[in-house]
Structure formats: C-alpha cells, structure tokens
Amino acid sequence: MGKHGKLKPADWGALMPAHNALAHRPPYYYRDTEMVMLQFEPDEAAALALLPSELELMEPAIAFMVMEQNHWTTIGGYGEVYLGIMCLWNGEPHAYVPGVYVTGENSQILGREIWGFGKKRCQRFEIRKHDNGDVEAIMDIRADDRALRAVVKPQANAGAEILAPIPLICLKIIPDVAGGVAPALAQLTSVTFKAEPYVGVDGKAEVFTGPATIEMAVPSDVNLPIRAVHGGVYARFTADLPYGKVLKTYTASDFSWQ
C-alpha cells in the first residue's frame, strides 16, 4: 500500500505555502505611518473606463492619491501608492482602487491574495520633507522614471475627521489553472483601513492641509488624467488593516459572452 502525505486541511496555514504560511492572519497593525494624500477631479471618461460596471461613479467625479511610508507594520515596513475613485455601491460611498504600487514583498503578496488589491512593485518610494516646509512624495517604478512626484504645502492644522475611513473596493481575480478564459474566482471585495492620527502635546492632530501639485511622467496603474487638484494632506498616524468582506462573487453566467 502506498504511503500518503500527512498534511491535512486542519494543518494548513491561513496563507500559502500551506505548510509554512507567509504571515499570520489579519488584522495587521501599522505604527508610525506618514502619508501624503491629494484629492482631485479626474477625467470622467477615464475614471469610468476603470470602474467595474456594478459601481456608480460619484458626481461630480472625485478621486484621490494616497502615498504612504509605513515605517513599521506587523508584516514589515514598506512604501505604498494607491489611487482611489469615489463611487457608490448600493447607494453607499466607497472608493474603488484600480492600482497600487508597493516596495515590500509581504505587502504585495498578502494584498493580492487576501483582498485582491492589484499590487505591483515600484523600485523607489520616499517621502521627503524640505526646508521650506514642503512635503514631497516620490515614486519611481523603474529607476529615475519619475512615475510620480507629488508636493503638498502644509498651511493649516486639520482635525482627525480628515482621515475618516472610507471602504475600499477591489476587483479580485484568480486565474483558472486549466486555462479557461473565465477566472477560477472573481469577486468585488471591500476593506476599511482605519487610521488614527497622532496627537501632539498641544492636543492637535498631526494632520495638515494645503495646496498641492502632482506630476506623473510615465503611464502606470495610478496615472489617471487629472483636470484639477483640489488640495493635499500631510499626516502621521497609526492604523489597523482587518479582514474585509465580499460584495459580489461573479458566476459563470457573468462570462457567458466568452
């Protein structure tokens, strides 16, 4: 009689590889995160082209770019840039995230496997504070390609409500290993990343607002045409990243046109 393996489902880790999972289960904890965020009016046609058909674009169209240096997390420190397009799911405000770039392997793998963030790697990310008070976020996808340069000029102290959480929506796709055109799994998922700003000894949240600019020199997953930048934020905070939820699981009938 042949000998069978001893690794049973009860012994599997929560993530791959099953015998030695890449990381523990969420929630993941973020401490000492710096963020530059810009809010802007995108080109409506370009935003609609990225938005899944189940989601309704908010009007007037609004989007944001988040650029974070996560100095310490329970899955390792990393830099991150992601685009959010404001939309409605069943009438409730959400932000659809079509593109993400990160510098950390753990963040990339876990983000894709668990929530379905389409995370890709960038070669460089940093937040640089200049001697005139400007705060600059820099991303190069490839060496010196100037994929993103964003500058905020902090001028006013803002309240913690600036960081009020908004559910993020991802389109999670797992290909069919047998080569079918329809994916093995396709879902709209959501997760809420809740940030709590640091508070100084003066009782003021470390959240600052001001005018902002952004330049994107090469095509990328976050390069959405911009009509007008409405302003920027620089903040320092802690946050928790929990499990999310499934909004929709696509079925074979959704791919009947194939």
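This is a predicted model: local features need pLDDT of at least 70, side-chain atom pairs count only at pLDDT 80 or more; totals for chains, interfaces and linings use all residues.

Entry 1: I began with Val151, whose bridge partner in β15 is Thr213. I also found Val152 standing opposite Ala212 in β15. β9 and β15 (residues 212–215) pair in the antiparallel sense over four bridges. Strands here are DSSP runs (E, at least two residues) and helices likewise (H or I, at least four), numbered from the N terminus; two strands pair if DSSP finds at least two bridges between them.

Residues are numbered from 1 along each chain as its sequence is written, and side-chain values use heavy atoms, with hydrogens and water left out.

**Entry 2: the other partner.** I turned to β8 (residues 135–140), which runs antiparallel to β9 and is joined to it by five bridges. Val135 has Val152 as its bridge partner in β9.

**Entry 3: the sheet.** I wrote down the order β7-β8-β9-β15, an open sheet of four strands with antiparallel pairing. β7 (124–129) and β15 are at the edges with a single partner strand each, so one side of each has no neighbour in the sheet. From one strand to the next, the twist averages 10 degrees (axes are lines fitted to C-alpha atoms, for helices over the stretch in contact, with angles from 0 to 180 degrees between N-to-C directions).

**Entry 4: buried or exposed?** I checked β9 (residues 148–152), and five of its five residues are buried (under 20% relative accessible area; exposed is over 50%, partly exposed in between; 1.4 Å probe, protein chains only). Leu148, Ala150 and Val152 cover one side, and Arg149 and Val151 the other.

**Entry 5: the largest pocket.** I noted about 500 Å³ of space in the largest pocket. A pocket is an open set of points on a 1 Å grid over the protein atoms alone, where a 1.4 Å probe fits, with protein on both sides within 12 Å along at least five of seven lines; lining residues have an atom within 4 Å of a point. Grid points are joined across faces, edges and corners, and the volume is the space filled by probe spheres set on them. Of its 24 lining residues, Met37, Phe64, Ile162, Ala164 and Ile166 are the closest to the centre. β16 gives the largest share of this lining, five residues.
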